[in-house]
Amino acid sequence: MATTGSFIFQASALGNFRANKFSLSEVGNVIKVDVSDYIGPRGYSTLTMEFERFKGTKTFKDEQLPKIIYHVLTDSYNFSYTQKSGSLTVTIEEYVLRVHGVFNLEMAASPDSDTAGPKKIDLTNGVFDMKS
């Protein structure tokens with residue numbers, strides 16, 4: 001079944017993100033969100049996050065944050081970031097694979113990120129609603 005929904009946020013220094021490709025899957029007890037924003041034939045950005053399935057609504061803060069990776073690739077650069085701090089609130093529906101939530105995150109450059117990029121970025125006003 002195809003994944004549908006919306007996923008948007010603002011990335012300081014890197015611009016707005018509005019997903020145009022969605023993947024929501026569940027393997028065992030882990031839900032994986034994988035979204036992409038293609039910015040033309042020569043570039044794209046992706047965000048992935050994984051968390052264990054739970055019932056209802058849960059807020060993750062700072063060291064409780066699940067694994068989140070933000071990646072930006074163009075002909076000119078390859079930036080990669082992982083979560084550092086912030087908050088993520090997620091609601092998981094019980095009988096279908098549907099997640100929605102909000103987030104504001106501070107991301108730090110990964111060791112494999114181009115050194116020309118920002119050392120940290122903020123992902124703000126994040127809102128998502130996805131169903132598979």
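Guide: We begin with a term: buried means under 20% relative accessible area, exposed over 50%, and partly exposed in between. Note also that this is a predicted model.

Visitor: Is Tyr44 buried, partly exposed or exposed?
Guide: The relative accessible area of Tyr44 is 26%. Buried would need under 20% and exposed over 50%. Tyr44 is therefore partly exposed.

Visitor: Which class does the pair of Tyr38 and Tyr44 fall into?
Guide: A pair of rings is described by the distance of the centres and the angle of the planes. Planes under 30 degrees apart count as stacked and over 60 as edge-to-face. For Tyr38 and Tyr44 the centres are 5.5 Å apart and the planes stand at 35 degrees, so the pair is tilted.

Visitor: How does Tyr38 count in terms of accessibility?
Guide: Its relative accessibility is 40%. With the limits at 20% and 50%, Tyr38 counts as partly exposed.

Visitor: What secondary structure does the protein have, and in what pattern?
Guide: There are zero helices and 10 strands. Read along the sequence, the pattern is β-β-β-β-β-β-β-β-β-β.

Visitor: What is the radius of gyration of the protein?
Guide: The C-alpha atoms fill a box of roughly 45 × 35 × 25 Å along the principal axes. For 132 residues the globule rule gives 14 Å, and the value for the protein is close to it, so the protein is as compact as a globular protein of that length. The radius of gyration is 14 Å.

Visitor: What share of the contacts with a separation of 6 or more is between residues 24 or more positions apart?
Guide: Contact here means heavy atoms within 4.5 Å. Among contacts with a separation of 6 or more, the share from residues 24 or more positions apart is 54%.

Visitor: Which residue takes a positive phi in the hairpin of E1 and E2?
Guide: In the pairing of these strands, Ile8 has Arg18 in E2 as its bridge partner. Three residues lie between the strands, and a positive phi near 70 degrees is found at Ala13.

Visitor: How far apart in sequence are the parts that Phe7 and Phe128 tie together?
Guide: The structure holds 14 aromatic pairs. In one of them, Phe7 and Phe128 are stacked, at 5.0 Å centre to centre and 20 degrees between the planes. Phe7 lies in strand E1 (residues 4–11) and Phe128 in strand E10 (residues 120–131), so the parts tied together are 121 residues apart in sequence.

Visitor: Which residues belong to the cluster that ring pairs link?
Guide: Phe7 and Phe128 are both buried. Ring pairs link these two with others into a cluster, whose members are Phe7, Phe9, Phe17, Tyr70, Phe103 and Phe128.

Visitor: How many of the residues of E5 are buried?
Guide: E5 pairs antiparallel with E4 over nine bridges, and Val33 has Met49 in E5 as its bridge partner. E5 is also joined to E7, with the two strands running antiparallel over eight bridges. E5 is mostly covered, and of its 10 residues the number buried is seven.

Visitor: Which residue in the turn between E4 and E5 has a positive phi?
Guide: The two strands form a hairpin with four residues between them. The positive phi, about 115 degrees, belongs to Gly40.

Visitor: Is Gly126 buried or exposed?
Guide: Gly126 has its place in strand E10. Leaving aside neighbours within four places in sequence, Gly126 is in contact with Ile8, Phe9, Gly101, Val102 and Phe103. Its relative accessibility is 2%, so Gly126 counts as buried.

How values were computed
Residues numbered from 1 in each chain as written. Predicted model: local features only at pLDDT ≥ 70, side-chain atom pairs only at ≥ 80, totals over all residues. Heavy atoms only, no water. Phe/Tyr/Trp six-rings, centres within 6.5 Å; stacked < 30°, edge-to-face > 60°. Buried < 20%, exposed > 50% of the residue type's maximum accessible area, 1.4 Å probe, protein only. Pairing = 2+ DSSP bridges. Rg over C-alpha atoms; globule rule 2.2 N^0.38 Å.
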